[in-house]
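Here are some notes for a first reading of this model.

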Amino acid sequence: MKSTHFGEAYRGTAAPVAFKFTYKYTPGTTYFNTVVKTEGSTTTVSAEEVPGKIDECSLIAYLYEVDSYDDYLDGTNINESKKVILKAAFSSGSQDNFIEKTVNFEPTGNGSFDPANKKYKLAIVCTPSKEGDSYKGAPNSTLWVKSLEVTY
């Protein structure tokens, strides 16, 4: 989760307004929760089937503030970081054919866009399991992304 460093320098003078993409999605057939149990000095990890639960994909664009363009967010903190000031989030179940979607960026309440005085990074995260960062999802869920576009 810490090994993926999300974001590229965003040097735009206007805030992003929309995130457009073309995708299709097939959820895997069996959804699992990862269960971690610690007893004394022994930790066991297992997968627990969740009957009736269907996986969802997720496509999210984040604009976040940095002190330096060397700074980054990773899989452990991008969804909860107070550095994220704008976010365009989408999730969906099965989608058999490619379809184009547009999602508007929304303020997170963590700050305002001020390109004259602040630095930003833009990250786009696409995943076939919306809760994959919590080790939940269905094996074999498949997300195809044909195009991505951020407008400002």
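1. The model is predicted. Its salt bridges come to a count of four, and three of these pairs are taken up below.

2. Glu149 and Lys20 form a salt bridge, with an N to O distance of 3.9 Å. Glu149 belongs to strand S13 (residues 142-151) and Lys20 to strand S3 (residues 18-26), so the pair links parts of the chain 129 residues apart. Glu149 is partly exposed at 35% relative accessible area, and Lys20 is partly exposed at 27%.

3. A salt bridge also joins Lys130 to Glu56, where the closest N and O atoms are 3.7 Å apart. Both residues sit in loops: Lys130 between strand S11 (119-127) and strand S12 (136-137), Glu56 between strand S5 (42-49) and strand S6 (57-66). The two are 74 residues apart in the chain. Lys130 has a relative accessible area of 38% and is partly exposed; Glu56, at 28%, is partly exposed.

4. Lys118 pairs with Glu65 in a salt bridge, the closest N and O atoms being 3.7 Å apart. Lys118 is in the loop between strand S10 (106-107) and S11, while Glu65 is in strand S6, so the bridge ties together parts 53 residues apart in sequence. Lys118 counts as partly exposed at 29% relative accessibility, and Glu65 counts as partly exposed at 24%.

5. How many disulfides are there? The count is zero. Cys57 is buried, at 0% relative accessibility, whereas Cys126 is partly exposed, at 31%.

Technical notes: Residues numbered from 1 in each chain as written. Predicted model: local features only at pLDDT ≥ 70, side-chain atom pairs only at ≥ 80, totals over all residues. Heavy atoms only, no water. Disulfide = S-S within 2.5 Å. Buried < 20%, exposed > 50% of the residue type's maximum accessible area, 1.4 Å probe, protein only. Salt bridge = Lys/Arg side-chain N within 4 Å of Asp/Glu carboxyl O. Helix = DSSP H or I, 4+ residues; strand = E, 2+ residues; numbered from the N terminus.
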